[in-house]
Amino acid sequence: MEKSFKSEIELLHLGKGQTFHGEGILAITKALLQSGVSYVGGYQGAPVSHLLDVMVQSSAYMAELGVHVEACSNEASAAAMLGASIHYPVRGAVTWKSIVGTNVAADALSNLSSPGVKGGAMIVVGEDYGEGASVIQERTHAFALKSTMLMLDPRPDLANMVHMVEHGFRLSETSSMPAILELRIRTCHVRGSFECKDNISPAISTRQLLEHPAEFDYSRLAHPPVTFRHEKLKVEQRIPAARAYITEHKLNEEFHGARDDVGVIVQGGLYNSLVRALQQYGLADAFGQAQIPILVLNVTYPLVPEEIAGFCLGKRSVLMLEEGQPDFIEQDVLTMLRRRDINTPVHGKDMVATSGEYTVEAIAGGIEKYCERYLPDVDVGRGKAWRAGNASRRDEVAAAMAKALPPRPPAFCVGCPERPVFSALKLAQHDAGPVHIAADIGCHAFSTFEPFSFGHSILGYGMSLASRAGVSPMMNRRVLAVMGDGGFWHNGLLTGVQSALFNGDDAVLVIFKNGYTSATGTQEIISTPDEATRQGAALKNESLVDRNRTIENTLKGLGVKWMRTVHTYHVDKVRKVFDEAFSTDFDGLKVIVAEGECQLERQRRVRPWITGLLRAGKRVERVRYGVDEDVCTGDHACIRLSGCPTLTLKDNPDPLKVDPVATVIDGCVGCGLCGENAHAATLCPSFYRAEVVRNPKLHERLMGALRAGVLRWLQPV
């Protein structure tokens, strides 16, 4: 991985008496070390990627502490690491993006929570939910409920977040329950400070090895008949132990207010947004002191009935703020109150949005309705005006942008090596006809947007080939599945390739081999080219060609008989391979490995090298492409076939023509796709290739002057 986390790594070294200043996810990372964690694993994915990336890059310091760090192939393998805490008093933490990651890890987590843990086990999940989410809109809370796992949702204050990590391990050990630490996007990136403690070298670690394995204990296995006993232990021992710890250490916080006849119960992660919403109605000051009592649930499962009852007793009503659906906490609160014959009205989804992210505005809408019913003396006009002003400004900005700016749908990066494959596929379908395309998670999912609009389903990371299994037998044409090399190693190899080979399926699979799990931050994988290969490509200023044939060798070993490796930028060759795959008499799985390095990684490698050459006064040649506006016909087929952001339109310079012409704007990285498309599709010959030379040699300067003179002579004014 090219991105450096040097400054973040330095923060992990802070000790007692020093102050940490930074963002939430790094504070969590520091808290793990202060808690004496023995092992850390996970699978990358926003918003918690920094946790694993920082620890992987600080391997020397982790080794010094004795902490084992492992970048796992998927979330299931990460969750399985926590099995170390079943028998041994070692603390472990794993991380991934949820809910998609939790779904992948579900089997291991269920089998972990059944026998319970001896050492603290924590799953740090990035709850990618709401306005900025990149995944399906579901909550992790349901998983904690069904598997009886602790659910921590810390108030977004760095000191409190660190506090909850430290207590989370102790709570896990006290109750034998694995703990899920839920971090929303805003929580991960909230900034602040806290007073550090010294990092703890764990008693059992890579530096302090275990002498003997644990004795065999059948009751620690997730296997019948002991699983029936586990279910009883969850209810009779683990939940009561967890509730006792939560109460004793006051993990949930109660903030008192002058209006003590009403109250708000809120998930910890929503506290900051709640206070900001209360400010709009004059019910909280700039320092967060609210007039309405607030019960902050830093632990959302299990709830403590005595805490809920004590807070609600004697109040005219309580507002429950729970983000998303279903309203698990609200139902639990109502049940606890009714069983104690406490009839305090509890409002939640009837006043606040029933679904979606609880932004400040969404919460403010609920506060407004609540005040109108229970606090008539509060002037809600100020809050209404604030909300109306926000809505008006959004409308004005949207109207202004609609007039001034063209639509800008999501798209591949400039020079992305995956774009030319979809251009070739578009051309191939002119010959073979439309095909069913099973899409996948990754950068290549941008093909679902214009100008390609490819993809009939996305069922999970690496699941594309498996998801077409029900379609292939009923389709007249061959079905195409698309996945990246990250998805291939994550899940695609076993769930897709192995299954297709076992069942003798006649399908086509294209694997994008760009060298990294690019969509999650360009982390390295088993098929990432080694450093020598990458440096060699940089020195020659050429596109990386991977000589590490890990994917191809793996496919051959599994028994794939039909396989082609192509360079993605050679559009015509890729088109011909697609034509062959769709029309060949070979009956079985056909795999196309489309090789082309992630452009972001290439630029991160090449740009510093070029900068160094320029500073040294050495000759540097860069390729640029352009459009001859006198030749361009203005039908824009090149744009419809490419979708490159740097290939756009400008007014036609010919006053007799009204159609705009194509043009290549600044930002072009010289990948050559526009020219390749023009050749493969037999488009107009308006594209030209230019070599831009900086710090040219003397003979090049002389030749350039001569050429310029000749052109001036041939084109008199």
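**Reading buried and exposed residues in a predicted model**

Tutor: W713 lies in helix α26, which covers residues 698-714. Please keep in mind that this is a predicted model.

Student: Is W713 buried or exposed?

Tutor: A residue counts as exposed when its relative accessible area is over 50%. W713 has 69% relative accessibility, and therefore it counts as exposed.

Student: Why might residues a few places apart in a helix point the same way?

Tutor: An α-helix has 3.6 residues a turn, so residues three or four places apart point the same way.

Student: How many residues of α2 are buried?

Tutor: In α2, 11 of the 11 residues are buried, so this helix is largely enclosed by the rest of the structure. Among them are G24, L26, K30 and Q34. Just after α2, G36 takes a positive phi of about 75°.

Student: Which residues touch the most other members of the largest nonpolar core?

Tutor: A nonpolar core is a set of buried nonpolar residues joined through side-chain atoms. The largest one here has 48 residues, and I28, L32 and L33 touch the most other members. Elements that each supply at least two residues of this core include α2 (24-34), α3 (49-57), β5 (121-127) and α11 (226-248).

Student: With which residues is L33 in contact?

Tutor: Apart from neighbours within four places in sequence, L33 is in contact with L12, M55, Y61, M62, L65, V67, N199 and I200. There is also a second, separate core of 31 residues, which includes V264, Y281, V378 and V380.

Student: Where does G381 lie, and what is its relative accessible area?

Tutor: G381 lies in helix α16, residues 381-404. Its relative accessible area is 35%, and so G381 is partly exposed.

Terms used: Residues are numbered from 1 along each chain as its sequence is written. This is a predicted model: local features need pLDDT of at least 70, side-chain atom pairs count only at pLDDT 80 or more; totals for chains, interfaces and linings use all residues. Side-chain values use heavy atoms; hydrogens and water are left out. Helices (H or I, at least four residues) and strands (E, at least two) are DSSP runs, numbered from the N terminus. Buried means under 20% relative accessible area, exposed over 50%, partly exposed in between (1.4 Å probe, protein chains only). A nonpolar core is a set of buried Ala, Val, Leu, Ile, Met, Phe, Trp, Tyr and Cys residues joined through side-chain atoms within 4.5 Å. Contact means heavy atoms within 4.5 Å.
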